[in-house]
Amino acid sequence: MRGPDAVRASFHALIIGAALFAPGPLEAQTYPDKPIRLVVGFSAGGPTDLPARAIAEKLGASLGQRVVVENKVGAAGQIATQDVLSKPRDGYNLLLCTHFESINLALHKKAAYQLSDLAPISQISRYYYAVAVTNDLPAPTWEAFLAYAKANPGKLYYGSVGRGSAQEILALELGKLTGIELTGVAYKGAAQMMPDLLAGRVHVFVSPTLSVMPHYQAGKLRIVAVTSPERLAAAPDVPTVSEKGLPFVRFGWLGICAGAGTPQPMLATLNRHVAEAVKAPDYRGLIEKAGSIPLSSTPGELAKILAETYEQTAATVREFGLQQD
């Protein structure tokens with residue numbers, strides 16, 4: 001793992017760069033004068049891609065130029081990140097950045113970028129995690145789930161989307177906090193894992209709410225707890241982990257970033273238009289239906305979240321020996 005001094009220097013540069021963000025003089029009247037790329041590191045049609053396309057459509061309408069979504073799938077978003085960072089920092093190459101930007105740095109010794117290579121623009125949503133269990137498990141509540149898991153140590157399988165994924169990290173953290181022993185099963189993605197969860201071949205999935213909420217609402221699986229600070233509007237009957245006496249609030253997020261060095265007036269224009277897009281009723285409806293929260297932010301706020309996500313993940317990676325070359 002990078003030395004602490006190097007990591008802190010990277011964070012310092014990122015946050016200082018974001019703090020310098022200001023509207024300044026009006027951007028050139030010609031920007032944008034051609035289509036803008038928004039690169040997404042995950043599959044088309046998935047829970048990351050859909051909000052990106054909704055924002056891209058609204059940005060295109062308000063900016064007067066198409067915002068074209070391109071899916072560059074692989075390596076937990078790293079291929080997309082590297083694609084954007086390899087292109088000109090001219091305001092026409094944007095990244096749907098996620099908490100994976102920070103997680104990948106904590107997991108991989110040889111990640112090809114630093115957080116300071118990014119220019120945060122704005123969040124577009126925040127989402128929490130759900131402890132989802134198969135209907136076949138005799139565990140209709142959080143307490144029943146814990147009791148069954150403790151009575152069957154190592155016999156319950158939890159799904160993850162790869163070594164060191166957010167799902168694995170959260171399952172390990174919850175296991176430590178509750179004293180239960182679960183066995184991990186890695187999949188290429190949630191789409192490959194979900195049929196096994198619904199069929200009872202996998203028992204538990206600590207998942208972003210947007211992946212499991214439709215199945216929960218259809219009665220195809222149970223959600224026994226969520227990691228939000230308060231109950232979610234999309235599932236008001238489901239308790240939070242905090243309600244059950246555990247200091248466990250965890251969230252993921254989606255945002256828009258560019259490469260560091262992108263002209264500040266262009267970043268300011270994008271920040272303003274993203275904030276307007278997030279306020280749109282149809283976008284808010286899309287996000288809230290999935291159990292997420294639509295919100296925008298300043299670049300500085302997003303930079304701080306990137307740094308905090310890294311620090312939190314790095315501690316768990318060290319504790320459970322998850323780091324990879």
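The link of Cys-97 and Cys-257 is right-handed, with 75° about the S-S bond. Its sulfur atoms sit 2.4 Å apart, and a disulfide is a pair of cysteine sulfur atoms within 2.5 Å. A search of the whole structure finds one disulfide. The pair links distant parts of the chain: Cys-97 lies in strand E3 (residues 93-98) and Cys-257 in strand E9, 160 residues apart. Helices (H or I, at least four residues) and strands (E, at least two) are DSSP runs, numbered from the N terminus. Both Cys-97 and Cys-257 are buried. Buried means under 20% relative accessible area, exposed over 50%, and partly exposed in between (1.4 Å probe, protein chains only).

This is a predicted model: local features need pLDDT of at least 70, side-chain atom pairs count only at pLDDT 80 or more, and totals for chains, interfaces and linings use all residues. Residues are numbered from 1 along each chain as its sequence is written, and side-chain values use heavy atoms, with hydrogens and water left out.

**Salt bridges**

Side chains of opposite charge can pair when their charged atoms come close. A salt bridge here is a side-chain nitrogen of Lys or Arg within 4 Å of a carboxyl oxygen of Asp or Glu. The count comes to ten salt bridges. Three of them are set out below.

| Asp-83 | Arg-37 | 2.6 Å |

Asp-83 counts as buried because its relative accessibility is 13%. Arg-37 is buried too, with a relative accessible area of 16%. Lys-87 is partly exposed, at 29%. A network of salt bridges links Arg-37, Glu-70, Asp-83 and Lys-87.

**A covered helix**

Helix H4 (residues 100-107) is mostly covered: eight of its eight residues are buried. They are Phe-100, Glu-101, Ser-102, Ile-103, Asn-104, Leu-105, Ala-106 and Leu-107. What covers them? The cover includes H3, E3, strand E4 (118-134), H6 and H11. Contact means heavy atoms within 4.5 Å.

**Cavities**

Rolling a probe the size of a water molecule over the atoms shows where empty space is left. The search runs on a 1 Å grid over the protein atoms alone. A cavity is a set of points where a 1.4 Å probe fits but cannot get out. A pocket is an open set with protein on both sides within 12 Å along at least five of seven lines. Lining residues have an atom within 4 Å of a point. Grid points are joined across faces, edges and corners, and a volume is the space filled by probe spheres set on the points.

The whole structure holds three cavities of 30 Å³ or more. The largest cavity has about 50 Å³ of space. Its lining is made up of Val-131, Trp-142, Phe-145, Ala-171, Leu-174, Gly-175, Ile-180, Leu-182, Val-204 and Val-206. Helix H5 (142-151), helix H6 (166-178) and strand E7 (204-208) each give two or more residues to this lining. H6 gives the most, with three.

By class, the lining has nine nonpolar residues, one polar and no charged. Ala, Val, Leu, Ile, Met, Phe, Trp, Tyr, Cys and Pro count as nonpolar, Asp, Glu, Lys and Arg as charged, and the others, Gly among them, as polar.

Helix H5 also holds Glu-143. This residue counts as partly exposed because its relative accessibility is 42%. Glu-143 and Ala-315 are 172 residues apart in sequence and 28 Å apart in space, C-alpha to C-alpha.

**The second largest pocket**

The second largest pocket has a volume of about 270 Å³. Its lining counts 17 residues, and Arg-250, Phe-251, Thr-309, Gln-312 and Thr-313 lie nearest its centre. H6, strand E9 (251-259) and helix H11 (299-320) each supply at least two lining residues. H11 brings the largest share, six residues. The lining divides into nine nonpolar, five polar and three charged residues.
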